[in-house]
Amino acid sequence: MKIVHTVKEVRETINNWKKEGKTIGLVPTMGYLHEGHQSLIKASVAGNDKTVVSVFVNPTQFGPNEDYASYPRDLKKDAALCEATGADLIFNPEPEEMYPDRFCSYVNITGLSDALCGKSRPIHFKGVCTVVSKLFNIVTPDRAYFGEKDAQQLAIIRRMVKDLNFPLEIVGCPIIREEDGLAKSSRNTYLNTEERKAALILSKSIFAGKEMVENGETDANAVVARMKEIINSEPLAVIDYVEMVNMDTMKNIDTIEGSVLCAIAVKIGKTRLIDNFISIENTPASTSGE
Ligand code: AMP
């Protein structure tokens, strides 16, 4: 497995692979990899001849008061995980390689990015869509893999790929959790022992909401109210949002029908964590821009 830092090096490797007729999977990440990322890499290795993992803490998706500087980084450990999982290439650019002087072209997606995380992180999805578009153009993968952990991001990327005719397939992968239920996240490392315990309130409320829906509850507001009640029972938890939205529009719903995303963002101390469950009727497993 190779680690490269420049666009030129990625393109050279990709060109050679394409000449050999190899298919390519891309797993975009911000590094500090865990089993959640690893599940995406595994899916890519299983579905493609070659797998590229990008490891890049993308500055344009962080707001001014967010954790860009303190975001955990450990390329050595990431490389070991990628290698052990069968990845072929890590692309680990410096910010200047992705955003050289006078950079001023952005990909923005309207509507979908105003809801949920977009409310408290107004520039976030513009940064995500811009960096993901750049990665698609640099790596030109056949397939790209994203986690349902970031369900709004996945919905936005699917929309962007359709709208802008990116010739690749987006593959969504299920949320990987710790044994006690907490969704795996690089940000879990910020939690101290007491906060780590308190953070379980996210998955507890998610499981309770999911159970209500599975048992036939169709009143979205009743589910949201119960989930808020559970989260508010934890003194260290401060709710950013608990919402049920239509999967395609990200608009709030009153009645649970069709494909629904129930998403939450909760602050435990200074750490903002997200989790969700999806209630599906006929949602495709993958989306293509062709
Ligand atoms: P990040 O490094 O946090 O930007 O995440 C990179 C990719 O890994 C995104 O597509 C995430 O949705 C996915 N991911 C992160 N955590 C998990 C998890 N616990 N389960 C599944 N996918 C995940």
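This is a predicted model: local features need pLDDT of at least 70, side-chain atom pairs count only at pLDDT 80 or more; totals for chains, interfaces and linings use all residues.
Local features need pLDDT of at least 70 and side-chain atom pairs count only at pLDDT 80 or more, while totals for chains, interfaces and linings use all residues. Residues are numbered from 1 along each chain as its sequence is written, and side-chain values use heavy atoms, with hydrogens and water left out.

The protein comes to 10 helices and 10 strands; these are DSSP runs numbered from the N terminus, with helices (H or I) of at least four residues and strands (E) of at least two. Its radius of gyration is 19 Å, close to the 19 Å that the globule rule gives for 290 residues, so the protein is as compact as a globular protein of that length. The radius is taken over C-alpha atoms, and the rule is 2.2 Å times the number of residues to the power 0.38. Of the 290 residues, 52% are buried, meaning under 20% relative accessible area with a 1.4 Å probe, protein chains only.

Strand 8 (residues 260-268) is mostly covered, with 8 of its 9 residues buried. Two strands pair if DSSP finds at least two bridges between them. The table gives the pairings of strand 8.

| Partner of strand 8 | Bridges and direction |
|---|---|
| Strand 7 (residues 237-246) | 9 bridges, antiparallel |
| Strand 9 (residues 271-279) | 9 bridges, antiparallel |

On one side, A263 in strand 8 stands opposite E243. A265 has I274 in strand 9 as its bridge partner. Strand 8 and strand 9 form a hairpin with 2 residues between the strands, where G269 takes a positive phi near 60 degrees.

Terms used. Buried means under 20% relative accessible area, exposed over 50%, partly exposed in between (1.4 Å probe, protein chains only).
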